Amino acid sequence: MDFAYTVAGFAVGAIVGLTGVGGGSLMTPLLVLLFGIHPSVAVGTDLLYAAITKAGGTVAHGLKGTVDWTVTRRLATGSIPAAALTLVLVGSFAPGGIDGAAGLIKGALGVALLLTAVAIIFRKQIQAYAVARFGGQPNPKRTARLTVLVGAVLGVLVSISSVGAGALGVTALFFLYPTMPALRIVGSDIAHAVPLTLVAGIGHWMLGSVDWFLLGSLIVGSLPGIWLGSHISTKVPDRVLRPILATMLVLVGAKLIGH
């Protein structure tokens, strides 16, 4: 085990437990920019890292009854085929396969981080607008179709950048289901992230872009980190954490795009 990777896993796990924002927004750029990990390996390894760490969250939310499995199924209907197709296309047609798609992955990751930062800052405004605009007259069929479409977009984004299933997914669900309790939206989004990141991670593994030694080192640190972050989250004001995190994501995203 590399101690530096374990420390990184602990730090990201603590932040995820503290803020609820997906680890892909932090772990992948950390691996690329700080440790010099190849972008495709960073994304592939982080996807399996996310699948393992979020599986525990899904169990907890499932036991509490805070997962809407219908919404989760709709998202997965769009995301899983989109993720698989994206990886097949990148692996087959990108020059040099997945390893040759480093520029594409960096650019996609940078854009995803900027969108995530916007979602973090304006989540309440987006939810308020959705309630005012659509809360009174929901269209079940239209909502179902849009949920599948959102899943497809997340599938493409997550498969090439590992970012999007967290903050972007939650924000989209707030917009599509404005009357659904926030905890149920978060639980449904976490449950959806597990099969999506698992399928995308397995796809990267088949393309040779998963570092198992790195994955083990990250997991060893992340599990106690998530536990610690979850326990101290009630003591740190959300209005302080989210702007700081969003600013960091903007800086990292801009650096990746311009790298």
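Start by selecting Ser162, which sits in the loop between α7 and α8 (167-176). Helices are DSSP runs of H or I with at least four residues, numbered from the N terminus. Check the backbone of Ser162: phi is near 65°, a positive value in a residue other than glycine. Ser162 is buried, because its relative accessible area is 9%. Here buried means under 20% relative accessible area, exposed means over 50%, and partly exposed lies in between (1.4 Å probe, protein chains only).

A word on what is on screen: this is a predicted model, where local features need pLDDT of at least 70, side-chain atom pairs count only at pLDDT 80 or more, and totals for chains, interfaces and linings use all residues. Residues are numbered from 1 along each chain as its sequence is written, and side-chain values use heavy atoms, with hydrogens and water left out.

**Positive patch**

Next, select Arg133, Lys141, Arg142 and Arg145. Together they form a positive surface patch. Patch residues have over 30% relative accessible area and no salt bridge; like charges are joined within 9 Å, and nonpolar side chains (Val, Leu, Ile, Met, Phe, Trp, Tyr) within 5 Å. Lys and Arg count as positive, Asp and Glu as negative, while His and the chain ends are not counted. The place of a charge is NZ of Lys, CZ of Arg, CG of Asp or CD of Glu. Accessible areas come from the Shrake-Rupley method with a 1.4 Å probe; for residues, only the protein chains shown count as cover.

Which helix gives the largest share of the positive patch? Helix α7 (residues 140-161) does, with three residues. Zoom in on Arg145, in helix α7. Arg145 counts as exposed because its relative accessibility is 56%.

**Salt bridge**

Now pick Arg184 and Asp68. Their side chains meet in a salt bridge (3.9 Å, N to O). Arg184 lies in helix α9 and Asp68 in the loop between α3 and α4 (69-93), so the pair ties together parts that are 116 residues apart in sequence. The rule asks for a side-chain nitrogen of Lys or Arg within 4 Å of a carboxyl oxygen of Asp or Glu. By this rule, the count is one salt bridge. Asp68 is buried at 16%.

Move to Thr58 in helix α3 (residues 39-64). Thr58 counts as buried, since its relative accessibility is 14%. Show its contacts (heavy atoms within 4.5 Å). Leaving out residues up to four places away in sequence, Thr58 touches Trp69, Ile190, Ala191 and Val194.

Then go to Ala76, in helix α4. Ala76 is buried too, at 15% relative accessibility. Beyond neighbours within four places in sequence, Ala76 contacts Pro81 and His192.

**Nonpolar patch**

Select Leu198, Ile202, Trp205, Met206 and Trp212. They make a nonpolar surface patch of about 570 Å². Helix α9 (residues 182-206) supplies the largest share, four residues. Ile202 is in helix α9. At 34% relative accessibility, Ile202 counts as partly exposed.

**Last stop**

Finish at Leu241 in helix α11 (residues 238-258). Leu241 is buried, with a relative accessible area of 16%. How far apart are the C-alpha atoms of Leu241 and Val131? They are separated by 25 Å, and the two residues are 110 apart along the chain.

Notes
Helices (H or I, at least four residues) and strands (E, at least two) are DSSP runs, numbered from the N terminus.
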